[in-house]
Amino acid sequence: MNTMIQVPAGPLEVDAAAWLKTLSRYRQPQVPRSIFELVVTIVPFAAFWFLAYACISAGLWFGLIFVIPAAAFLLRLFMIQHDCGHGSFFARRGLDDWVGRLLGVLTLTPYDYWRRAHAAHHASAGNLDERGVGDITTLTIAEYRSLSRTGRLGYKLYRHPLVMFGIGPAWLFLFKQRLPFGMMRSGALPWISTMGTNAAIAILAGVMVWLIGIGPFVTIHLPIVLLAGAAGIWLFYVQHQFEATHWAKGDDWHFPEAALHGASHYDLPLALRWITGNIGIHHVHHLSSRIPYYRLPEVLRHHPELASIGRITFWESLKCVRLVLWDERSRKLLSFRDAAKVTTTA
């Protein structure tokens, strides 16, 4: 039975640590619900995939429109894989891990390698001293100004929308994740995860090519992967790259504050919330990552005061693309143009 849970009174900034205890009560998954979520995601993904194939095999090229919903459900499969990585989907580590590994073949994401990088992201999000693993590179104004002209150009290209959401997904999902970049000296697991996933992808792709031919397979699956990848990177970007996000260094960095205020509440329309696995309730997820994604709306219903923290709408999120440099003085992300007006930084 769902019950209202009270949290200690006081400013949310002061009580960030108190929310950890409160949110722990939502961490238990409902296994029948988890199974249901998996089924209602993977079945439509397969259905839309084969609808696209049926159409183009009959010469009805307008059937490629089905790659869009297929990509949406592939994105949702990644959200399930994401919950498995946190041990929150079934709360049974072995089951979570193997479901995550199998889904990683579809999402082109080696599960154990990704899980380790993502854990580093959660442990250090918003920490200026711990950047570089599982996050989007973000420089301070001072760091950017210290770069050479070539370095500044490289950062500008990296943060350009066409690179971030166009070339970036192709590079990440088709190439970068084929080797355990950043973890090549971290033991055997990242290698086993990556090479095992690569082998499974090759086998599955080979079977599909044998069944339907390489042309139809690439025509259908490549845009599905790229669309889902672009949407995934967009979500990850908006969840941390917004004006009032939280960055700190040294003793000024504290996990509860960084989690609650360094991640956004991306308030999407209902249909998009469902297809994205409620990942827009990202501040709650970062504060308590063991909460299953389907229980995150429950948290906001019981504690509506959390809904206003870091809230951005879809239309507001479009403005986040221009925010690229952290101003340590104003404690805000700024555009290149606004950063150029800053004369000193703390």
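Helix packing, cysteines and confidence

Helix α4 (residues 93-107) and helix α9 (residues 188-212) pack with their axes 9 Å apart and at an angle of about 55 degrees. This is a predicted model in which local features need pLDDT of at least 70 and side-chain atom pairs count only at pLDDT 80 or more, while totals for chains, interfaces and linings use all residues. Residues are numbered from 1 along each chain as its sequence is written, and side-chain values use heavy atoms, leaving out hydrogens and water.

Q: Which class of orientation does α4 have to α9?
A: The angle between α4 and α9 is about 55 degrees. Under 35 degrees counts as roughly parallel, over 145 as roughly antiparallel, 65 to 115 as roughly perpendicular and the rest as oblique, so α4 is, relative to α9, oblique.

Q: Which residues of α9 do Gly104, Val105 and Leu106 in α4 meet?
A: Contact means heavy atoms within 4.5 Å. On the α9 side, the residues that Gly104, Val105 and Leu106 of α4 meet are Thr197, Ala200, Ile201 and Leu204.

Q: Is Cys320 buried or exposed?
A: Buried means under 20% relative accessible area, exposed over 50% and partly exposed in between, with a 1.4 Å probe and protein chains only. Because its relative accessibility is 4%, Cys320 counts as buried.

Q: In which helix is confidence highest?
A: The pLDDT, the predictor's confidence in each residue from 0 to 100, averages 91 over the protein. The lowest helix mean, 81, belongs to α1 (residues 16-23), whereas the highest, 98, belongs to helix α3 (residues 67-85).

Notes
Helices (H or I, at least four residues) and strands (E, at least two) are DSSP runs, numbered from the N terminus. Axes are lines fitted to C-alpha atoms, for helices over the stretch in contact, and angles run from 0 to 180 degrees between N-to-C directions.
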